[in-house]
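This briefing sets out the overall architecture of one protein model and then turns to its charged side chains and selected residues. Please keep the sequence and the coordinates at hand while reading.

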Amino acid sequence: MFEQTFKNIDDIFHKDAGCSSELDYAEQSSWLLFLKYLDDLEYEKSLEAELMDEPYQHIIDKDFRWSAWAAPKDANGKPDHNNALTGDDLIDFVDFKLFPYLKSFKQKADRPDTIEYKIGQIFSELRNKIQSGYSLRDALDRIDELRFRSQEEKHELSHLYETRIKNMGNAGRNGGEYYTPRPLIRAMIDVLQPKIGETVYDGAAGSAGFLCEAYDYLRQGGREQKQLSSSDLKTLQEKTFFAKEKKSLAYVIAIMNMILHGIEAPNVMHTNTLAESLQDITPSNQHDIILANPPFGGKERKEVQQNFPIKTGETAFLFMQHFMKMLKPGGRAAIVIKNTFLSNTDNASVALRKELLENFNLHTVLDCPAKTFLGAGVKTVVLFFTKGEPTQKVWYYQLDPGRSLGKTNPLNDKDLAEFVELKKTFAESEKSWSINVTDIDPSTWDLSVKNANAPEAAALREPEEIIAEIIALDTESAAILESIQELL
């Protein structure tokens, strides 16, 4: 229904001098979509208030509402082109009036978890990059065709937006950082089985894919697919999902992605998660479920490293310490990390594995195949662990989809079905096996993936043996041909 609209908007941005890549397309369409969403939300709220015979206090002042500047309508509800801003007038209004007004909401909001605060923070983080007021007018007319007023419409828009985030990976490494394959996320959620009333956290949210998928899982009633009460829905909206994200563009996209999935005022903070000292984490801000794919390969400054007991410059290892501390006792986590974490011999890696095995139950390691993450040059594993009990046994599963993964052949849900099923009983197979912690060398705590159950490859034969077989086959062929000649 809306796919062509999205394509048309991309075409408009492509022709504008201020937008040069998929990253710009995603950023600029995000703030436009957000304001259109906000207008539809206010429309719904005002109708509800009218039905209840109650007054409705608009969030946005009249002159700055979508219907006033972006898409004015005439008395018949048709686009009013005579009163619609365009050209330089439109750019001046957006840059010098609209953005400063929306940015001011950050100071006016009562609390960070309100939609008002989110408005202020979003428009503090970005700017309008569209240079032509005529391009912007075309984009506004297209965005106005979109509707956020039914679940079906929101579902389609969320799907299209997810596709846009995925395509950002084509714009370079920074874009690809925001996207974790959704089938992998769903498998991680299937294993952890979050429940209504539990909190779900991602301290390296990116585009908030983990939280959006967890919301969909819980909204559909979890594994039992039970009907949710109105109180369950309120809990899901307000007290379930929490995230932090450092990068401005990712923060804006995370907010928009969660909104499109149905979370009205997402609890996403724009902050450097690693700047928070572990000593400041208390039981009141710990969480039941942690799902994350922290950035790896980055390096953090010395002052950031001082926030952690195990000193390391590797970003992913600092995030691991953060997640271990942020988990409630009995809480469950599934974290994507590069597979060298299992075997590195540096002090930080060894100390981190020791901590993980002694104070957490690292019950499962999912070994992912190459190219699971498009554009990433390293192999990854997913660590599943529970806080508050030492590890006795680690169950491994070596994911092998039986084909080479790539852009046109990505991971799918069927590829992970066996893993999810075998994990229920920690069953052994050609792809899965277990090791006892007592068999691990305590000087290295090496957790390398070594599949003892894999079928043995046929031994390579000696060259002399192969040559002898070729000669024998040639002799046999010659004899057969001679017999055929005699028959002729």
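Glu 125 is buried yet has no salt bridge, and the nearest side chain of opposite charge, that of Lys 106, is 4.8 Å away. Here buried means under 20% relative accessible area, exposed over 50%, and partly exposed in between, with a 1.4 Å probe and protein chains only, while a salt bridge is a side-chain nitrogen of Lys or Arg within 4 Å of a carboxyl oxygen of Asp or Glu. Lys and Arg count as positive and Asp and Glu as negative, with His and the chain ends not counted.

This is a predicted model, in which local features need pLDDT of at least 70 and side-chain atom pairs count only at pLDDT 80 or more, whereas totals for chains, interfaces and linings use all residues. Residues are numbered from 1 along each chain as its sequence is written, and side-chain values use heavy atoms, with hydrogens and water left out.

**Surroundings of Glu 125**

- Glu 125 is placed in helix 6, which covers residues 115-125; helices (H or I, at least four residues) and strands (E, at least two) are DSSP runs, numbered from the N terminus.
- The side chain of Glu 125 is joined to that of Ser 248 by a polar contact of 3.0 Å, a polar contact being a pair of N or O atoms within 3.5 Å, where within protein one must be able to donate a hydrogen and the other to accept it, and residues adjacent in sequence count only if both atoms are side-chain atoms.
- Not counting residues up to four places away in sequence, Glu 125 touches Ser 248, Tyr 251, Val 252 and His 270, contact meaning heavy atoms within 4.5 Å.

**Overall architecture**

- The protein chain has 18 helices and nine strands, and its C-alpha trace spans about 95 × 75 × 50 Å along the principal axes.
- Of the 488 residues of the protein chain, 51% count as buried.
- Among contacts in the protein chain with a separation of 6 or more, 75% are between residues 24 or more positions apart.
- The accessible surface of the protein chain is about 24,200 Å², and 50% of that surface belongs to carbon and sulfur atoms; the areas come from the Shrake-Rupley method with a 1.4 Å probe, and for residues only the protein chains shown count as cover.

**Charges and salt bridges**

- The protein chain carries 57 positive and 76 negative side chains, and the centres of the two sets lie 5 Å apart, each charge being placed at NZ of Lys, CZ of Arg, CG of Asp or CD of Glu.
- Side chains of opposite charge can pair when their charged atoms come close.
- The structure holds 20 salt bridges, and one of them is formed by the side chains of Lys 45 and Glu 264 at 3.5 Å, N to O. Lys 45 lies in helix 2 (residues 22-51) and Glu 264 in the loop between helix 13 (248-261) and strand 3 (267-270), so the pair ties together parts that are 219 residues apart in sequence.
- Lys 45 counts as partly exposed at 29% relative accessibility, and Glu 264 is likewise partly exposed at 32%.
- Glu 162 and Arg 182 meet in a salt bridge of 2.9 Å, N to O. This pair links distant parts of the chain, with Glu 162 in helix 8 (residues 151-167) and Arg 182 in helix 10 (residues 182-192), 20 residues apart.
- Glu 162 is buried at 9% relative accessibility, and Arg 182 is buried at 6%.
- Arg 186 forms a salt bridge with Glu 213, their closest N and O atoms being 3.2 Å apart. Here the partners are 27 residues apart, Arg 186 in helix 10 and Glu 213 in helix 11 (residues 209-219).
- Arg 186 is partly exposed at 30% relative accessibility, whereas Glu 213 is buried at 11%.

**Helix 11**

- Helix 11 is mostly covered, with nine of its 11 residues buried, including Phe 210, Leu 211, Tyr 215 and Tyr 217.
- Just after helix 11, Gly 221 takes a positive phi of about 90°.

**Ser 443**

- Ser 443 lies in the loop between strand 9 (432-436) and helix 18 (463-487) and is exposed, with a relative accessible area of 52%.
- The side chains of Ser 443 and Asp 441 are joined by a polar contact of 2.7 Å.
- Ser 443 and Ile 143 are 300 residues apart in sequence and 60 Å apart in space, C-alpha to C-alpha.
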